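Student: I would like to learn how to read this model. Can you take me through it feature by feature?

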Amino acid sequence: MSPTLTNGFGSKARVDWDSIRLDFPLISGNDLVYFDNAASSQKPKAMLQAMENMVEHSYANVHRGVHTLSQEATDQYEAARKTVARFINAADDAEVVFTSGTTDSINTIAFSFGEAHIQPGDEILISGMEHHANIVPWQLMAQRKGAFIKVIPVLENGSLNLESLDSLMGPKTKLLSLVWVSNSLGTVNPIPYIIQKAHAYGIPVMVDAAQAAPHMPIDVQAIDCDFLAFSAHKMGGPTGLGILYGKRALFENLPPYRGGGDMIDRVTFEKTTFQGLPFRFEAGTPHILGAVAFAAVLNYLSGIGMRQIEERERQLSHSLRCQLKADFPEIQLLGTAPDSVSVVSFLVKGHHPMDVGVLLDNQKIAVRTGHHCCQPLMDRFGIHGTVRASLAFYNTEQEIARFLLALRKTIRLLR
Ligand code: PMP
């Protein structure tokens, strides 16, 4: 089975969302309201079928064997890379590296870019709404290299203080690494504008697209990012698989992050030379089944159309926000930036988010509570955590209504 080539934009005018929901066995088979999609999303049958198909017909290790089965597996694995490249509109398949997730992708660039380009006294710019995965790797690199982290401040409404950019960017700034969509607030940052601004200062930009790739079309050439990371498991794919995109000009000259099989050109005990892109960054046996299954999921998403998915999720999360604002004076919304998608974060005034989460769980509503791996952002708002409802395209208005009823009951019980 070779994945069809298709980009993420899709063209279907009308989508039958009720029948789409049937593609997801876990949620279509029970009455759970699953609003924890930002943590990990549910899986469509297309993922299972692709894995099953490979296990039954064409599984072997890749890039190694001369035997036919290994060549078939390699063809499928490389076809999966092509599907990802097409999905994000990369200029070249070799610019797409399979990693184990967003965290691994960011660590790869933090290490490799750090080794190649960071000198003592240099600065890395991030923002105040980053996930720990886009803070800690840069801190580790900064400690190793004697560099400094600078932070774009977050305004009260949960958007970035864009006016601060000029004062934060300068000749010492060697890289900007920024989240596209905040996993805690749902804020959509104006990534194309910010990238343009950074490039005017000669600063390359890495985008954490972990919460963007599941919810909107991604075109790496249009936004002109230098690196971009996302995880398969947040968009219907398997765990343990992520994507690292890098623009060839910058990416191909970076040193490897991990050493091992598959990433080498020639090894002697004295010296090793390395492969070029993308294999230089894929040491060891990759997640073969995962990559092939993810390609099937991307084709499935493209079949629906990423624009349709984005529109649906914006509608659903907007509806939830509006109803919370209108009917729940007991609630404080966190993050009211003009542009947001999927995530709705809030507090029930005077009550711990975890108590709210447990009472909702008792009513078969799954939400996330806590700091969402964004402790500095929680510090910014002087709180320990929030309740986070995060929606996907397979969620429904009926589920929002059930969620609001359950929340009403929760608030009564807490009193
Ligand atoms: N960045 C953001 C914005 C995220 O939401 C997440 C996952 N919560 C990550 C990075 C890390 O992703 P993963 O755990 O899949 O590596």
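**Ligand, domains and cavity**

Tutor: Start at the ligand: one of its oxygen atoms is 2.8 Å from an N or O atom in the side chain of H233. That is a polar contact, a pair of N or O atoms within 3.5 Å. The model is predicted; local features need pLDDT of at least 70, side-chain atom pairs count only at pLDDT 80 or more, and totals for chains, interfaces and linings use all residues. Residues are numbered from 1 along each chain as its sequence is written, and side-chain values use heavy atoms, with hydrogens and water left out.

Student: Which side chain has an N or O atom 2.7 Å from an oxygen atom of the ligand?

Tutor: That of Q211. K234 places a polar side-chain atom 2.9 Å from a ligand nitrogen. The protein buries 85% of the 400 Å² that the ligand exposes alone (Shrake-Rupley accessible area, 1.4 Å probe).

Student: Which residues surround the ligand?

Tutor: A residue is near if one of its heavy atoms lies within 4 Å. Here the shell includes T102, H131, N183, D208 and S231. By class it has three nonpolar, seven polar and two charged residues. Asp, Glu, Lys and Arg count as charged; Ala, Val, Leu, Ile, Met, Phe, Trp, Tyr, Cys and Pro as nonpolar; the others, Gly among them, as polar.

Student: How is the chain divided into domains?

Tutor: Domain bounds come from an automatic or database assignment. It gives domain 1 (17-35 + 305-414) and domain 2 (50-302). Their C-alpha centres lie 28 Å apart. Contact means heavy atoms within 4.5 Å. By that rule, 35 residues of domain 1 are in contact with 29 residues of domain 2.

Student: Which residues lie nearest the centre of the largest cavity?

Tutor: S41, K234, M235, G236 and F393, among 16 lining residues. Both domain 1 and domain 2 supply at least three residues of that lining. In a cavity, on a 1 Å grid over the protein atoms alone, a 1.4 Å probe fits but cannot get out; lining residues have an atom within 4 Å of a point.

Conventions
On a 1 Å grid over the protein atoms alone, a cavity is a set of points where a 1.4 Å probe fits but cannot get out, and a pocket is an open set with protein on both sides within 12 Å along at least five of seven lines; lining residues have an atom within 4 Å of a point. A polar contact is a pair of N or O atoms within 3.5 Å; within protein, one must be able to donate a hydrogen and the other to accept it, and residues adjacent in sequence count only if both atoms are side-chain atoms.
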